Every structure is written in structure tokens, then in C-alpha cells.
Amino acid sequence: EQSAATLAALGAKVPDLVDLDLDYRTGNPELQFRLQPDKLKEMGASTIAVGTELRYLVDGNVAAKFRDQDDEYDIRVFLKKDQRDLQAWLDEVKVPNNNFNMVRLLDVAEPVKASGLTKITRRDRVRYINVMGNIGPKGTLGSVQGAAEKIMAKMKLPNGVSYQFWGSSEYFVEMIKNIGIAMAMSTIFMYLILASLYESLVMPLLIMTALPLAFIGAFAALAITGQNMTMFAM
């Protein structure tokens, strides 16, 4: 979270990058319980039993169904509103162990005040925070990515934290790779066709020396018209 916030703050200073935002949002303050394995084992309690009991205490439990002709309703049984505040009743909250005896929650778990996450995003089984932005009117994808790479080179990411470009940037890199392969294959096929037409291995090479001139003309045309290096230009 801190690394993503720092990146967003530095990225906001890049002229060609606008509308920077994070997809990470902190949730409301909540009371969490960190279970202690050693004490759970000592008390003969399980994480499933503790979690289920806490859910019942806060959210209640669907004990039965009520059917009225074609309609069906849940009958939820739960504590009174003032009794559902676990923080006020911490000393009295108990959970069952494997022998169905009640043990104090504080004997097997540690209460922690924290902020819950509104959502958890993962890619390739790794949690991530997405730093999103748009390209300004006079900016290009290449210039924005170059500026972002300079920022990341200066940042010292904590251990276990890494970064990668994706979205439009990822597609652009993949597009350049595929177009490079297509150009190489087309050059080979062009040589093979010319070699078969002229029945010579040297003559096609002499004819294909015009290819660099074609590249120069294409870049000159882009420069004169002020166009960016897009997929159509390639």
C-alpha cells in the first residue's frame, strides 16, 4: 500500500500522465481476532469452531425456513443489537472446543483493531495493487512508460514487493514483439519468392537492399505528419 501510494504521488508529477488512481480502498474499522495455534491446541478448540461461533454472535444463524405458499423466507436467529458488540463483551465471549465445552475467546485469540479490506485482488495467485492512469493529450504510451520506469528505478521496494507494467503497456510490448516476428517472416518469404522468380540466390539480396530505404521513408512520413508509432503506423 505504501509503495503504491508513493508511486501514485510521484507519477502525478509526470506531465503526460493524468487521472492517477489506485484500486485499493481501506474498509471500515473493525475488530479482528488473531487465533493462537498453541492455545487452540491446548484448549482443544479448532479454527472452524471459533470462526463459526463468531459469525453466529455477530451475524446470527438461519435456523429454519418459513414457507408461505410459493414464497420462502429465512428465519434468522441472532442476539440483540447491544449484545452483538463483541468489544463490549470481550471478557464474557466464549467459544466451544472439540469436547463441546465452552472456553473464553481471549484464551485462544488476540483481539486487534484494524481496517478490513473492501476487496482483495490477485493475479497469478499474488496479491497486487493496481496504479492506474490515463495518457495526457500530448503524451504517448512510450513517454509515459519511460517516465514510470525512471520512477521505479529510484524507488526502493520492500522485500517481497515487485512491479510490472500491464494494461495498454503490456499489450503494446506484445504488439511490438508480434509485429517484429511478422516483419522477419515477411522478409524471409519475400526472399524465397524472389529467389524462385529469378532462380538466383544473389539477385534477391540486391533487390532487397531497398528495404532500409523503405523504413527511412516510413519514419520520415510519420515525422512530417506528426503521427505516433501506433499499430497502424507499424
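Colleague: Is Asp19 buried or exposed?
Modeller: In this predicted model, Asp19 is exposed, with a relative accessible area of 56%. The cut-off for exposed is over 50%, so Asp19 falls in that class.

Colleague: Which element holds Asp19?
Modeller: Asp19 lies in strand S1, which covers residues 17-22.

Colleague: What is the phi of Asp19?
Modeller: The phi of Asp19 is near 55 degrees, a positive value in a residue other than glycine. Phe100 also has a positive phi, near 65 degrees, and Phe100 is likewise a residue other than glycine.

Colleague: Where is Phe100, then?
Modeller: Phe100 sits in the loop between strand S5 (94-96) and strand S6 (102-104). With a relative accessibility of 73%, Phe100 counts as exposed.

Colleague: Turning to aromatics, how many pairs are there in the whole structure?
Modeller: A search of the whole structure gives 3 aromatic pairs. One of them joins Tyr163 and Phe165. The rings of Tyr163 and Phe165 are 5.9 Å apart, centre to centre, with 90 degrees between the planes.

Colleague: Why does the pair of Tyr163 and Phe165 count as edge-to-face?
Modeller: Planes over 60 degrees apart count as edge-to-face, so the 90 degrees between Tyr163 and Phe165 places the pair in that class. As for accessibility, Tyr163 is partly exposed at 43%, and Phe165 is partly exposed at 27%.

Colleague: Next, Ser169. Buried or exposed?
Modeller: Ser169 has a relative accessible area of 7% and is buried, because buried means under 20%. Ser169 belongs to helix H5, residues 168-198.

Colleague: Which residues does Ser169 touch?
Modeller: Leaving out residues up to four places away in sequence, Ser169 touches Leu141 and Gln145.

Colleague: How many residues separate Ser169 and Ser196, and what is the distance in space?
Modeller: Ser169 and Ser196 are 27 residues apart in sequence, and their C-alpha atoms are 41 Å apart in space.

Colleague: Now the overall fold. How many helices and strands does the protein chain have?
Modeller: The protein chain has 7 helices and 10 strands. Its radius of gyration is 32 Å, well over the 17 Å that the globule rule gives for 234 residues, so the chain is more spread out than a compact globule. Along the principal axes, the C-alpha atoms fill a box of roughly 95 × 45 × 45 Å.

Colleague: What percentage of the residues count as buried?
Modeller: Of the 234 residues of the protein chain, 20% count as buried. The accessible surface of the chain is about 17,600 Å², and 57% of that surface belongs to carbon and sulfur atoms.

Note on methods. Residues numbered from 1 in each chain as written. Predicted model: local features only at pLDDT ≥ 70, side-chain atom pairs only at ≥ 80, totals over all residues. Heavy atoms only, no water. Helix = DSSP H or I, 4+ residues; strand = E, 2+ residues; numbered from the N terminus. Rg over C-alpha atoms; globule rule 2.2 N^0.38 Å. Buried < 20%, exposed > 50% of the residue type's maximum accessible area, 1.4 Å probe, protein only. Areas by Shrake-Rupley, 256 points an atom, 1.4 Å probe, with all protein chains shown as cover. Phe/Tyr/Trp six-rings, centres within 6.5 Å; stacked < 30°, edge-to-face > 60°. Contact = heavy atoms within 4.5 Å.
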